[in-house]
Amino acid sequence: MSVSKFVKKMMFSQKLNFKEGEFELMEIRGLILPVETFGGIIEREYNTSGEEIFDTLFEAGRSHGKLAIDEIGRKNKASKKEFLSKLWDSANMMGLGKLELRNYTSKSYQVRLTNSPIVSFLKNSEKTDGLDRPVAEITKGIGHGIAEEIFESEIESEFLKSEYKGDRETLISFEVVK
């Protein structure tokens, strides 16, 4: 099994801990769920409340992005771009899919997502047939919350591409509102 340099660094610096029923990454306690469990929650909520589930996922992601900045970012001495790259590395380790920071400027950045287990699960779900919108809202929310904190401004975020809708990747932009 191959372990990324980032994961090795986290393990050796004791920023990644598994102990007595706990999982922590950079001092934030986490939870590991099978994709079928998380995807099943989305399916049930979609069938109950419709597309409102995607607003909930966005807001949950946004809160997580702000938490990442509050808990990790304030302690980090790296440049904003370097810090953003490290945050997305940690998201890769958490299994959100393959995430890459792209086109970083002082007022915007993009995140490329491929191989998302949630996108894949929902694409193959009969319970979400007919859904015609991007579904990677938790990732969009995380990036939005991070961008609000990094740029200290109101942010506009949008899907430029969607793996769920047939593109080869999901591409999300985050830009300071002018």
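**Ground rules.** I number residues from 1 along each chain as its sequence is written, and for side-chain values I use heavy atoms, leaving out hydrogens and water. Since the model is predicted, I took local features only at pLDDT of at least 70 and side-chain atom pairs only at pLDDT 80 or more, while totals for chains, interfaces and linings use all residues.

**The sheet.** I looked up the strand order and found an open sheet of four strands, β4-β5-β7-β6, with antiparallel pairing; helices (H or I, at least four residues) and strands (E, at least two) are DSSP runs numbered from the N terminus, and two strands pair if DSSP finds at least two bridges between them. The edges are β4 and β6, each of which has a single partner strand, so one side of each is left without a neighbour in the sheet. From one strand to the next the twist averages 20°. I then followed the β4 and β5 pair, which is antiparallel over five bridges, and noted that L101 has V111 in β5 as its bridge partner.

**The helix across the sheet.** I traced α6 and found that it lies across β4, β5, β6 and β7 (170–176), running at about 145° to β6; axes here are lines fitted to C-alpha atoms, for helices over the stretch in contact, and angles run from 0 to 180 degrees between N-to-C directions.

**T114.** I checked T114, which lies in strand β5 and is buried, with a relative accessible area of 11% (buried means under 20%, exposed over 50%, partly exposed in between, with a 1.4 Å probe and protein chains only). Not counting residues up to four places away in sequence, T114 touches G97, K98, E163, R168 and E169, where contact means heavy atoms within 4.5 Å.

**L87.** I placed L87 in helix α4 (residues 80–93), and it counts as buried because its relative accessibility is 6%. I also recorded that L87 and G65, 22 residues apart in sequence, are 9.2 Å apart in space from C-alpha to C-alpha.

**Positive phi.** Most residues other than glycine have a negative phi, so I looked for exceptions. N103, in the loop between β4 (98–102) and β5 (108–114), has a positive phi near 50°, and its 53% relative accessibility makes it exposed. E152, in the loop between α6 (137–151) and β6 (155–161), also has a positive phi near 50°, and at 69% relative accessibility E152 counts as exposed.
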